[in-house]
Amino acid sequence: MFGTQSRTAGPLPAAARWARPRRRRRRLAPGKRIPYGRLLGPAALLGLWSLGSATHLIDPSLVSAPWSVVATAGTLIARGELQSDFLVSARRALLGLGFGVVTGTGLAVVAGLNRVGDAVVDGAMQVKRSIPALALIPLMILWLGIGETMKIVTIALFVLVPVYINTYAALTSIDSRYVELAEVVGLNRWQFIRRVVVPGALPGWFTGLRLGVTGSWLALIVVEQINAESGIGYMMFQAQQYGQISVILVGLAVYGLFGFVTDSVVRLIERRALAWRRTLAG
Amino acid sequence: MAANAGRLTSPADGSRSVRVTGLVRRFGPRTVLDGLDLEIEAGEFVALLGHSGSGKSTLLRALAELDYDAEGSGVLRTPPSLSMVFQDSRLLPWLHVLDNVVLGMRAAGDLGRAALAEVGLEGRERAWPNQLSGGEQQRAALARSLVREPQLLLADEPFGALDALTRIRMQRLLRELCERHRPAVLLVTHDVDEAVVLADRVVVLQHGRAALDVPIGLPQPRSPRDGDFQRYRDRLLAALGVTADGFPRPN
């Protein structure tokens, strides 16, 4: 067999070859992944914040110290408020995300695989895309009231756009050579979708999903400021009225943490599902 | 479709041969194939030579029914089962090598493994296509074509993108595989030597017709150093408008 290819670069004089360190890094790629590297930035910020609070450089009436935020969180958890508000928020975000991803993907599949669907759906979606989803809130309130339905629908409408756009782009850019191959090996429509279309569009779908996940939290924050009676946003809104800075910071931390965790989970799934790709991110 | 073409015993099996009569293919104002006639017997290995734009690929695509965007007329008869090898390996990057080989086949894992072993890729079943070298990818593509036991194998410059050494090995492999499975083969190539090494018959396309049809009466394995080999090569090169020293003939 002749499968192994030599990876030595160009002819080098013997001396130069000795002088080189044994392990060379790829020159133009970003290099090796740092273990838990994604925690470095947040940790540095937290460090600065602690330092600023401890040295009284940060006014506690504007930003509470990290430890008082932790203490407040402890109290809120002990009273059971944080958990119940978090569960309400998480339910809204996840339901909105779920509906948004399903509709966005469905519409993209209809538009991407069918000329009639393309004509009908894509034009409408491009119009929808240019209306900010949050601008629809007044209309949603009139139609659906101020309850959970309005909140979930608004989040879904917000999530739908990036999922649709990225999935549609991925579907329509599937290499026509693969379509030709599918015809030559005699795939039927279902096999073609399962073997070529879905895996080919998956990278784009994941990009849309990640934007959608972040978007769902973003939309959640907005809808929870509107006549909510529960949820993290409601908790923060109440705290604002009583000037409880540390409660607001707890709310922000919860939003941030869960945005970060959900995004990490999606990235992990993405890395598994797209193992066939060798990209710069490696 | 016959499930398994197997080894061919009767050379005059009409249904397994290829018959092209008066084939015309036009792309807009340009007539690429202009009344082409061609026959390939079952199990026969035909190489198709010609300049760029002489209609080689158009003919192949017509045989594979991939030319829906072309106008034309003529009669095409092909065996019910055919496979195609492209210039690029065209493996789906998201399927393991084995899944690529048996793409669209049902419960064919063992057949696929056997086909991979046949092309020297045993043990690479679970590799991703982009972990293979160019030559290995093209072997996998050959395995994908042959595991279907086609009665007609169409190959569109399958070794065009490979380096010279890999190319020679792949030519040998293709010849061996074809001798074992006996499909009718139509190999499009730019390489006169490749045509003479591999084919039972070489057809030169010119102005959309078969300008020359030369049976190669040399025993296998063939060597380009052989005197008869060189006579075939010179004749084919002359038909392509190139003299033995590489300069165009003054007309």
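This is a predicted model: local features need pLDDT of at least 70, side-chain atom pairs count only at pLDDT 80 or more; totals for chains, interfaces and linings use all residues.
Local features are reported at pLDDT of at least 70 and side-chain atom pairs only at pLDDT 80 or more, whereas totals for chains, interfaces and linings use all residues. Residues are numbered from 1 along each chain as its sequence is written, and chains are lettered from A and ligands numbered from 1 in the order in which they are written.

**View 1. The six-stranded open sheet of chain B has mixed pairing and the strand order S5-S6-S7-S3-S8-S9.** Strands are DSSP runs of E with at least two residues and helices are runs of H or I with at least four, numbered from the N terminus; two strands pair if DSSP finds at least two bridges between them. Strand S5 (82-85) and strand S9 (209-215) of chain B each have a single partner strand and stand at the edges, so one side of each is left without a neighbour in the sheet. Neighbouring strands are turned by 20° against each other on average, direction ignored, where axes are lines fitted to C-alpha atoms (for helices over the stretch in contact) and angles run from 0 to 180 degrees between N-to-C directions.

**View 2. Strand S7 (residues 184-188) of chain B has five of its five residues buried, so it is largely enclosed by the rest of the structure.** A residue counts as buried if 20 or more other C-beta atoms, placed from the backbone, lie within 10 Å of its own. Ala184(B), Leu186(B) and Val188(B) point one way from S7(B), while Val185(B) and Leu187(B) point the other way.

**View 3. S7(B) pairs in the parallel sense with strand S3 (residues 45-49) of chain B over four bridges, and five bridges join S7(B), also in parallel, to strand S6 (residues 152-156) of chain B.** Ala47(B) has Leu187(B) as its bridge partner in S7(B), and the bridge partner of Leu152(B) in S7(B) is Ala184(B). From S6(B) the chain crosses through helix H5 (residues 164-181) of chain B to S7(B) in a right-handed β-α-β crossover, meaning that, with the strands pointing away from the viewer, the path from the first strand over the helix to the second runs clockwise.

**View 4. A three-stranded open sheet of chain B, in the order S2-S1-S4, is paired in the antiparallel sense.** Strand S2 (30-40) and strand S4 (71-77) of chain B are the edge strands, each pairing on one side only, and the twist averages 10° from one strand to the next. Eight bridges join strand S1 (residues 18-27) of chain B to S2(B), where Leu33(B) is the bridge partner of Arg25(B).

Definitions and conventions: A residue is buried if 20 or more other C-beta atoms lie within 10 Å of its own, exposed if 12 or fewer, and partly exposed in between; C-beta atoms are placed from the backbone.
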